[in-house]
Every structure is written in structure tokens, then in C-alpha cells.
Amino acid sequence: MREKVTRLFVAAAIAEACSWLALLVGMLVKYGPPGNELGVQIFGPIHGGLFIAYVLLTLAVARLHRWSLLATVVALASAVPPFATLAYERWARRRGMLGVDRQPAREPAPVG
């Protein structure tokens with residue numbers, strides 16, 4: 001279960017960042033020359049749902065991996081600025097906070 005929740009957290013971080021991009025494009029179209037609100041009407045609720053999913057998964061992963069309060073607060077705060085969830089997820093992965101190790105180095109094959 002721990003690995004599944006962690007994978008969902010990573011997917012939510014990526015999806016939340018992508019929804020930010022879609023929402024920003026929708027806002028550009030809304031306030032730009034065309035003046036069309038359709039993008040914001042579609043991507044606003046999608047982004048809101050993904051934002052909530054990211055927050056809930058952050059709390060679950062923080063508890064499962066026993067993150068510090070500071071790490072949890074920074075993870076939650078990274079949902080507010082555009083694309084910050086991607087940066088936080090990569091930072092947490094590099095620090096080993098997600099419990100997902102990279103593939104172990106293989107033994108060299110004998111030659112000859």
C-alpha cells in the first residue's frame with residue numbers, strides 16, 4: 001500500500017502541475033483578445049480537484065514516510081505556486097523521502 005500511495009502522490013504532483021498549465025492558458029484566453037471563458041470553466045474545476053487530491057495524498061505520504069512537519073508544510077505550500085509540485089517531488093525523491101530508490105547498480109559482467 002505504501003508504494004501505491006507514493007505512486008499516486010507522484011502522479012498527483014505531475015497532474016496538478018499540468019492542470020496549472022491548462023488553467024493558465026485558459027486564463028490567457030479569457031483575459032486576452034478573444035475573451036472566451038470556456039478554458040477557465042473547464043480547467044478551473046479540474047485544477048481544483050487535482051489540488052485537493054494532491055493535498056490529501058501529501059498528508060497520506062507524509063504520514064506513511066514519517067516526514068517532518070516542515071517537510072509536510074513545504075509540500076503543502078508547493079501546491080500554491082504554479083509547477084512547484086514538480087520541483088518538490090523531485091527534491092523529495094533525491095532526498096530519499098519517497099522511499100523509492102533508483103535501480104541498484106548492476107554487477108559488471110565478466111569479459112572473455
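**Aromatic pairs in the predicted model**

Four aromatic pairs are found in a search of the whole structure. The edge-to-face pair is taken up here, starting with Trp 67 and Tyr 88. Their ring centres lie 5.9 Å apart, and the ring planes meet at 65°. Planes over 60 degrees apart count as edge-to-face, so the pair of Trp 67 and Tyr 88 falls in that class. The structure is a predicted model.

Both partners are buried. Trp 67 has a relative accessible area of 11%. For Tyr 88, the relative accessibility is 4%. The cut-off for buried is under 20%, so Trp 67 qualifies at 11% and Tyr 88 at 4%.

Tyr 88 also pairs with Trp 91. Tyr 88 and Trp 91 are three residues apart in helix 4, so about one helical turn separates them. Trp 91 is partly exposed, with a relative accessibility of 31%, whereas Tyr 88 is buried.

These contacts belong to a wider group. Ring pairs join Trp 67, Tyr 88 and Trp 91 with Phe 9 and Tyr 54 into a cluster.

Note on methods. Residues are numbered from 1 along each chain as its sequence is written. This is a predicted model: local features need pLDDT of at least 70, side-chain atom pairs count only at pLDDT 80 or more; totals for chains, interfaces and linings use all residues. Side-chain values use heavy atoms; hydrogens and water are left out. Rings of Phe, Tyr and Trp (its six-membered ring) pair if their centres lie within 6.5 Å; planes under 30 degrees apart count as stacked, over 60 as edge-to-face and the rest as tilted. Buried means under 20% relative accessible area, exposed over 50%, partly exposed in between (1.4 Å probe, protein chains only). Helices (H or I, at least four residues) and strands (E, at least two) are DSSP runs, numbered from the N terminus.
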